[in-house]
Amino acid sequence: MKGPYLIALDQGTTSSRAVIFDRQGTVAGVHAIEFTQIYPQPGWVEHDPLEILNTQVEALQEAVRKSGINVSEIAAIGITNQRETTVLWDRGSGQPVGNAIVWQCRRTAQMVEKLVADGYGEMITAKTGLVPDAYFSGTKLRWMLDQYNLQGKAERGEVCFGTIDSFLIYQMVEGQPHVSDATNAGRTMLYNIHEQKWDEELLKMLQIPKECLPRVVDSCGVVGMLRPDILGREIPVASILGDQHAALFGQTAFEAGAVKNTYGTGCFMLMNTGSTPVASTHGIVTTQAWRMNGKTTYALEGSVFMGGAVMQWLRDELKILDHVPDSEAIARSIPDTGGVFLVPAFTGLGAPWWDMYSRGMLIGMTRGTGREEIIRASLESIAYQTADLLNAMRADWKGETHALQVDGGASSNSFLMQFQADILGIPVWRSAVRETTAFGTAMMAGLATGVYSSMEELHSLWRRDAIFEPVMSSSERNSRMADWHRAVERARDWVRHD
Ligand code: ADP
């Protein structure tokens, strides 16, 4: 293998990783370091920003060292990160004022409820594309400014707010640029995705001073040079993308209508809607896919709470599965579930149902129902939930969808992928690149620095490792989806509201 090489800094929720790619998109080195999850009280999640920084720098140095590549052959570095996680730091010293509040943290749920009760909900959705939620950074930042009594300093610009991309760049790039890209800014609930700017009305709603906010830049473009003490040489840092946006780019889903689903613990689906932001009537979020040359590409985004986690539940709680990958052969050992459906609404149901009062349910069992049927129904439940999500997006975005492009741990299950194609009635394309998130930001950094000359060239690097064509008849598909929906209805509104 020979240079030029591109490196992705993939700063995730549980680990900091660095992945090195050669020009053909082949992985030339990788190093990952897990870091501490901090749970100060139930429902609260924090990270130590300095631990994030140190593990990310070390992951980069180790990946380069292990791969044996020459530092002079590294053309550019791209960043992709866990989104919404909020950091506040002192502009002068660069020291964080406290732990980062992680996207999962529910501490500002009541603050969001109050915003909605005060009538801000529709305005938030219209401007940000988001459904108001404690996930997003805005209320987390408000909480920090109050907690540390920093409103005055924020107004004077003496403290800086940023998501993880912003914090890493401030610390790792020469001259300490205080920037963030459009995809990360779009997850703050403070950024107007139509006008591409921090929104005065949203800032006023949460009393956030403009002076503490990063400058928002394109996802694709050089923001500065990596500090030479990190790898012994300056290297351009040339892309920033939130993790799901990077995966969409890494799937080279460049055309409007292209859609990807990542099958991890949960499932994350993004559909490219081109230059048009599509407002959903099904509770699906409107987001920016990326911004290049000042031009925004938009996307619809939705998630399934229980994806591969359903299989972990079979293994760890029900204890009817020794190893998750065994589920494929077990599902294939029977012709169908014999009418059994699992609705894995363990924490409620997301899009398009939005029912936090629903709970998990297994229905349709008979005296002959066994472990195989339950395992197969569990895999099928991942596909049914994904189908509901994609069908909702297809109802919002009226254009053509030719295929579902897939990645993530559970996409390696070919039974699941075939069933997915059958139940959707469109082909499923599985990416040969398993590191689509890292691949996406690395490719974008390559585009920004002239390693690649066009999006078409990037497209030619992407490979499918398998195509799953639908073979189920449409009458069977419709009948199964109808039964699934009957099952969902029975699981809904189970928890008492009082
Ligand atoms: P995350 O990034 O969310 O940690 P991964 O992409 O690593 O997730 O995927 C892990 C998830 O995929 C787990 O929930 C696991 O149960 C599921 N999984 C992994 N392999 C398979 C398989 N062969 N069949 C079904 N599910 C699988």
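**Charges over rings**

I looked up Arg-106 first. It lies over the face of Tyr-135, 5.5 Å from the ring centre. The rule I used asks for NZ of Lys or CZ of Arg within 6 Å of the ring centre and within 35 degrees of the ring normal. I then went to Trp-429. The charged end of Arg-464 sits over the ring of Trp-429, at 4.4 Å from its centre.

I note the ground rules here. The model is predicted, so local features need pLDDT of at least 70 and side-chain atom pairs count only at pLDDT 80 or more, while totals for chains, interfaces and linings use all residues. Residues are numbered from 1 along each chain as its sequence is written, and side-chain values use heavy atoms, with hydrogens and water left out.

**Aromatic pairs**

I counted ring pairs next. A pair of aromatic rings is described by the distance of the centres and the angle of the planes. Rings of Phe, Tyr and Trp (its six-membered ring) pair if their centres lie within 6.5 Å; planes under 30 degrees apart are stacked, over 60 edge-to-face, and the rest tilted. The count comes to 16 aromatic pairs. I picked out Phe-249 and Trp-290, an edge-to-face pair with 4.9 Å centre to centre and 85° between the planes. This pair links distant parts of the chain: Phe-249 is in helix H10 (residues 243–250), Trp-290 is in strand S17 (residues 285–292), and 41 residues separate them. Helices (H or I, at least four residues) and strands (E, at least two) are DSSP runs numbered from the N terminus.

Are Phe-249 and Trp-290 buried or exposed? Both are buried. I use buried for under 20% relative accessible area, exposed for over 50%, and partly exposed for what lies in between (1.4 Å probe, protein chains only).

I also found a cluster. Phe-341, Tyr-384, Phe-415, Phe-419 and Trp-484 form one aromatic cluster.

**Ligand shell**

Which residues come nearest to the ligand? I list Thr-265, Gly-308, Gln-312, Gly-409 and Asn-413, out of 14 residues around the ligand. A residue is near a molecule or strand if one of its heavy atoms lies within 4 Å of it. Helix H11 (residues 309–318) gives the largest share of the shell, 3 residues. By class I get 5 nonpolar, 9 polar and no charged residues. The classes: Ala, Val, Leu, Ile, Met, Phe, Trp, Tyr, Cys and Pro are nonpolar, Asp, Glu, Lys and Arg are charged, and the others, Gly among them, are polar.

I checked polar contacts (pairs of N or O atoms within 3.5 Å; within protein, one atom must be able to donate a hydrogen and the other to accept it, and residues adjacent in sequence count only if both atoms are side-chain atoms). A polar backbone atom of Gly-409 is 2.8 Å from an oxygen atom of the ligand. A backbone N or O atom of Ala-309 lies 3.4 Å from a ligand oxygen atom. Asn-413 places a polar side-chain atom 3.0 Å from a ligand nitrogen atom. The protein covers 66% of the 580 Å² of accessible area that the ligand has on its own, by the Shrake-Rupley method with a 1.4 Å probe.

I turned to Asp-218, in the loop between strand S12 (215–217) and strand S13 (220–225). Asp-218 counts as buried because its relative accessible area is 17%. Its side chain reaches the backbone nitrogen of Asn-293 at 2.9 Å. The backbone nitrogen of Gly-294 also lies 2.9 Å from a polar atom of the Asp-218 side chain.

Ser-358 is in the loop between S19 and S20. I find it buried, with a relative accessible area of 0%. The Ser-358 side chain reaches the backbone nitrogen of Leu-349 at 3.3 Å. A polar atom of that side chain lies 2.9 Å from the backbone oxygen of Asp-355.

Lys-127 is in helix H3 (residues 121–128).

I looked for cis peptides. A cis peptide bond joins Ala-351 and Pro-352, with omega about 0°. Pro-352 is in the loop between strand S19 (341–343) and strand S20 (361–363).

I then checked phi. Asn-293 is not a glycine, yet its phi is positive, near 50°. This residue is in the loop between S17 and strand S18 (295–304). Asn-293 counts as exposed because its relative accessibility is 78%. Gln-176 also has a positive phi, near 45°. I place Gln-176 in the loop between helix H6 (164–172) and strand S9 (179–181). At a relative accessible area of 37%, Gln-176 is partly exposed.
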